[in-house]
Structures are given as structure tokens and as C-alpha cells.
Amino acid sequence: MAVLPEIDMINEAFWTKGRDGKIMIVQCPDCERFIHPPERICPNCLGRNVAPRAVSGDATIYSFTINHQPWLPDMAVPFALVVADIDAAPGVRIAARFETDDIAEIAIGQKLIMDFEEVEDIRLPFFRSAQEAAQ
Ligand SMILES: [Zn+2]
């Protein structure tokens, strides 16, 4: 059983509206800045018209870690966590699990696609290898 995030008005779209490889990232329409984690006011121009927008979850690994400790009883190890740049949302990095058949081959710069695990009303984002998905 996954540990689920606490949903509020600001992060609701991010955690519940991810679909079809796309994720909801808050953007400011006035200066086009993407804002993640989501906030009500744009930190760049202080605009208040920020709203979630569906962007492709295609991403590039910025950093990663391989974990050998099962932090929950039913957690399979080893597993990979990555911090990835969202290609379509400059400045946004998302940390998530990386499901791959080839944990030894994970590399910075590797291309990823986004998928979602549905748990209750939450859609937890995780990454897959773009190369494995294309095969
Ligand atoms: Zn702005």
C-alpha cells in the first residue's frame, strides 16, 4: 500500500488528473512560468491567475538513487527513484519512482515517459523508460 499525499485545492489537479502520459502542472498565464509544487500566486510575477495545465510527462533524468531498503513491508527492492526534468515544463523537476527492467543501466540524461498508479482517488505518477516503452 502506497503512502498517499494529502490533497488540497492547490495540488488536487496534480494528484488526481494525470492521464495518458500527461500531468497537470500549474502555470502562470501572465508570464508563462510553470510552478511546481503548485502555488496560488506566481513566484515570478505575483500573478494570481495561475491554473493547472496538462503537459506531456516526457522527462529527462536529472538525478537518481537506487534503494535497497524496503521502507514499507510490501516494498520490492531494489527500486529506483529519480528526479527528472519535465521536458515540456521548463524549470519543473518531479521526483518519482522509476519502473525499469534494467536498474543497472539507469543514467543521468535518460529519457522517460510518465505513467500513473491509481490508488483510491489518487493517480500517483511514476516513470518508465521511453526506450523500453517504444519496444
Ligand atoms: Zn507569472
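Guide: Contact here means heavy atoms within 4.5 Å of each other. The model is predicted, so local features need pLDDT of at least 70 and side-chain atom pairs count only at pLDDT 80 or more, whereas totals for chains, interfaces and linings use all residues. Residues are numbered from 1 along each chain as its sequence is written, and side-chain values use heavy atoms, with hydrogens and water left out.

Gln27 counts as buried because its relative accessibility is 12% (buried is under 20% relative accessible area, exposed over 50%, and partly exposed in between, with a 1.4 Å probe and protein chains only). Apart from neighbours within four places in sequence, Gln27 is in contact with Glu32, Arg33, Phe34, Asn49, Val50, Ala51 and Arg53.

The largest nonpolar core has 21 residues (such a core is a set of buried Ala, Val, Leu, Ile, Met, Phe, Trp, Tyr and Cys residues joined through side-chain atoms within 4.5 Å). Ile23, Ile25, Ile86, Ile94, Phe98, Leu112 and Phe127 touch the most other members. At least two residues of this core come from each of S1 (22-27), S4 (59-67), S5 (79-86), S6 (93-99) and S7 (111-119). S5 supplies the largest share, four residues. A second, separate core has five residues, among them Val26, Cys28, Ile35 and Cys42. In soluble globular proteins, nonpolar side chains tend to be buried together.

Leaving out residues up to four places away in sequence, Phe98 touches Ile61, Ala80, Val82, Ile106, Gln110, Leu112, Phe127, Arg128 and Ser129.

Five strands close into a barrel in the order S4-S5-S6-S8-S7, with mixed pairing (two strands pair if DSSP finds at least two bridges between them). Neighbouring strands of this sheet are turned by 45 degrees against each other on average, direction ignored (axes are lines fitted to C-alpha atoms, and angles run from 0 to 180 degrees between N-to-C directions). S7 and S8 (residues 122-129) run antiparallel and are joined by eight bridges. Val119 stands opposite Ile122 in S8. In the loop between S7 and S8 lies Glu120, a residue other than glycine whose phi is positive, near 55 degrees. Glu120 counts as exposed because its relative accessible area is 63%.

The volume of the largest cavity is about 30 Å³ (grid points are joined across faces, edges and corners, and the volume is the space filled by probe spheres set on the points). Its lining consists of Ile10, Ala13, Phe14, Met24, Val26, Pro38 and Pro52, and H1 (12-16) and S1 each supply at least two of the lining residues.

Notes:
1 Å grid on protein atoms, 1.4 Å probe; cavity = no way out; pocket = protein on both sides within 12 Å on 5 of 7 lines; lining within 4 Å.
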